[in-house]
Amino acid sequence: MPHSFGYRARTRHMFKRGFKDHGPVKLSTFLIKYCVGDIVDIKANAAQQKGMPHKYYHGRTGIIYNVTPAAVGVIVYKVVGNRYIEKRVNLRVEHIRHSACRQEFLDRVQTNHAKHLEAKEKGERGHSLKRVHALPRDARTVSVVSNAPQTLAPVRYDTTI
């Protein structure tokens, strides 16, 4: 058989819709507001073939640099040889979604600000907002007085026909 190298070659499972997620694109997808500088994840929606990204960009994260009524421009960095090349990709809004990659950072900024204000009210000057790494677990002793050791052995295979 001939070997295909088409634009959508080897995308049988990549562009597949989720379970019970088939049919036309929901209207709420078009009501999401995108601004220049937003970080978005590219995930192609097979229900809309217009403005669909190339299979290389599926699952990538980029930054919006242009917004039009029906589409957005996204900057994605692509590894070519030994360097990163900035690629500018124009996609319809059905194929992108806001990324959650900065959500932990934004949550941490809010909690640190609240801690800073609380420390300022108490008059503490040396209050540190640095994260503390996970410490090792405490040492413990295992006793065999009421916990007798058990010997494990494999169960013999037997057919039940």
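**Pocket and salt bridges**

Asp21 counts as partly exposed, at 31% relative accessibility. The model is predicted. Asp21 is one of the residues nearest the centre of the largest pocket, and its side chain meets that of Arg17 in a salt bridge.

**Largest pocket**
- The volume of the largest pocket is about 370 Å³.
- Its lining comprises 20 residues.
- Nearest the centre lie Arg17, Asp21, Asn45, Glu94 and Arg97.
- By class, the lining holds nine nonpolar, four polar and seven charged residues.

**Asp21 and Arg17**
- The N to O distance in this salt bridge is 3.9 Å.
- Arg17 counts as buried because its relative accessibility is 18%, under the 20% cut-off.
- Asp21, at 31%, is partly exposed.

**Glu94 and Arg92**
- Glu94 pairs with Arg92 in a salt bridge, with the closest N and O atoms 3.6 Å apart.
- Glu94 is buried, at 4% relative accessibility.
- Arg92 is partly exposed, at 25%.
- Glu94 also belongs to the residues nearest the centre of the largest pocket.

**Glu118 and Lys122**
- The side chains of Glu118 and Lys122 form a salt bridge at 3.5 Å, N to O.
- Both residues lie in helix α1 (residues 103-122).
- They are four residues apart, so about one helical turn separates them.
- Glu118 is partly exposed, at 43% relative accessibility.
- Lys122 counts as exposed because its relative accessibility is 58%, over the 50% cut-off.

Definitions and conventions. Residues numbered from 1 in each chain as written. Predicted model: local features only at pLDDT ≥ 70, side-chain atom pairs only at ≥ 80, totals over all residues. Heavy atoms only, no water. 1 Å grid on protein atoms, 1.4 Å probe; cavity = no way out; pocket = protein on both sides within 12 Å on 5 of 7 lines; lining within 4 Å. Points joined across faces, edges and corners; volume = space filled by probe spheres on them. Nonpolar A, V, L, I, M, F, W, Y, C, P; charged D, E, K, R; others polar. Salt bridge = Lys/Arg side-chain N within 4 Å of Asp/Glu carboxyl O. Buried < 20%, exposed > 50% of the residue type's maximum accessible area, 1.4 Å probe, protein only. Helix = DSSP H or I, 4+ residues; strand = E, 2+ residues; numbered from the N terminus.
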